[in-house]
Every structure is written in C-alpha cells, then in structure tokens.
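User: I'd like to go through the labels on this one and check each against its cut-offs. Can you walk me through it?

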Amino acid sequence: MTECYIRVAEDENEEPMEIPSEEDGTVLLSTVSAQFPGACGLRYRSPVSQCMRGVRLAEGVLHAPESDWGNLVYVVNYPKDNKRKMDEMDAASAVKIKRGVQKTSDLIVLGLPWKTTEQDLKDYFGTFGEVIMVQVKRDAKTGNSKGFGFVRFTDYETQIKAMSQRHMIDGRWCDCKLPNSKAGPDEPMRSRKVFVGRCTEDMTTDELRQFFMQYGEVTDVFIPKPFRAFAFVTFADDQVAQSLCGEDLIIKGTSVHISNAEPKHNNSSCVFCHFFPSTFFMVKSPSLAAMFERSQYQFPSSHV
C-alpha cells in the first residue's frame, strides 16, 4: 500500500489536518502526537451506526479500520489528566476574559491626622505612582479636616499596591481602600475574600494558593479544621475576588463553586450551613461559630 494522508482534528467541528501514513498504510502514534502533543489515540464516527469508534492501537501503531482510512475525519484522543488540565486552562481563560480591562477608582484614605493637607497627601502617594486626584474632606463651616480623604491613581497596578498595605502619614497609620459608598443600597460592600465550596479533603492551602495565584495576588488561604469541605481565599484586589464569584472552577479534577464571602452580621448563635460536596447539613455549633469568629466571615447567603 502506498503512502496516503488521513484527516485528523482535535474536534469533529474543527478544520482537519492531513497526517501521512506509513508505506504499509498504518499511522504512527508519534506522527499524530507530533502535531497534537499529548495525543494517545484516534477515534471516528461510524457512517453506519453514527457512533464513535476507537482506532486500534498496537505498540505505538494505529491501524486503519477495515484496512482503509477512507475520507473520514479522525478525532484525537487525550488522556483524562491532559483533558483535565485543558479544562482548567479554559476555565481560567474564561474568568480572565470576564475581568476585562481594569480601571482605577477613587480610594478613601482613613485615619488622616487633622494637619494633613492635600499637598501632603499628593506628595506621599506620589511615591507609589502618578496621582490623578487628591482631596481632604473638610467641615463646610469650620474648614477643619474630617480625618479622611480620597486619592486616585493613573495605573491600576499602583492602586492595588496602595491598597495592599497600611500607610504612615504625618506620624499616623492610615488605611487606603475602596470606599463603602461605592456599593449601592442593595449591593453589599465589595470583599477581597471568596468562599470556595465543594472542596475535597486532599486539597491543601498551598495547592489552593498556587491555583488562585493565576488570577491575582493571594494574601491568605484558610481551610477550616476539622475539614468542612470549603475554604476561604483572600486576594489583594477586590475586583479579582468579585470577578471569580459565581464561577465553577476545576481544581485537581473537582468542580468547586466560588461565592462571595459576606461579612458576618449575626452573633455566634446563628445557624451555619455545613457544606459538603453533594449535600447540605444545617448545624448549630459553638465550635463552628468560634471558627467564624476567627475568620470574621460566614457562609455566603446563597448556601444558607
């Protein structure tokens, strides 16, 4: 049998690539994997049954069905682990697209000394990057400072850097963050912490940190002990946290659901949701309440 070309694609709906066969009509798996890294076999749709059929593979050699490759399109098979990694990459890409172009916002600076002026504020934050605007809020009657102000940077990266630390301004520690007024009356305050539900017991804090670092800087990962099938992840940027909310992401082959971690409003006697991968249990536990006292967050309302 002379050399021929067979049509191969990663998906039935994609444009196929022609791959050469050997002189005996077989196709080497190495020839396929050279064009489709990670490939472990081929399959095709039977013209008769319309079902997918696997191509026989023996010692790295793929054999034509019924001794003839024909004009069919053969679809590449990948190992499950490879497919899992591809799914994780697709999920990560989708979230990054969702985040889109990030713009700077007005940041509130809390705890300003009474003597701090707008020039002082501009000089200080100018060391982080270009400042667009500064303002010290003052009493309309007396003109005295109210102890807080606003700053806005040109670059989003500079904004994140300023929000990730406390600031010593005129001898006093100050906080710089997105103002609560950014949230509407029906919109909760934006949080940098997310609730990760449906976790499995083999997931570690290091693994979660490494996974979520692809979206932005992670400042903390908290997995309750004893294991409760959930975790909390805190980002340096609240916009990263909010962009992930509502997403189903694949970690170590398991689909986890990301929700907003809402600040706790009730006392320690409230009922919490004990969340497992496949079911919910309502519990009233002092130890669980104490755990949330430490974390300062409760389960998201969507799971209670």
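Analyst: Let's start with the buried residues of helix 4: Tyr-156, Thr-158, Gln-159, Ile-160, Ala-162 and Met-163. Buried means under 20% relative accessible area, with exposed over 50% and partly exposed in between (1.4 Å probe, protein chains only). Heads-up: this is a predicted model, where local features need pLDDT of at least 70, side-chain atom pairs count only at pLDDT 80 or more, and totals for chains, interfaces and linings use all residues. Residues are numbered from 1 along each chain as its sequence is written, and side-chain values use heavy atoms, with hydrogens and water left out.

User: Why is the pair Phe-211 and Tyr-215 called edge-to-face?

Analyst: Rings of Phe, Tyr and Trp (its six-membered ring) pair if their centres lie within 6.5 Å; planes under 30 degrees apart are stacked, over 60 edge-to-face, the rest tilted. Here the centres are 6.0 Å apart and the planes at 70 degrees, so edge-to-face it is.

User: And why is Phe-212 with Tyr-215 tilted?

Analyst: Their planes are at 50 degrees and the centres 6.3 Å apart, so the pair counts as tilted. Both residues, Phe-212 and Tyr-215, are buried.

Definitions and conventions:
Helix = DSSP H or I, 4+ residues; strand = E, 2+ residues; numbered from the N terminus.
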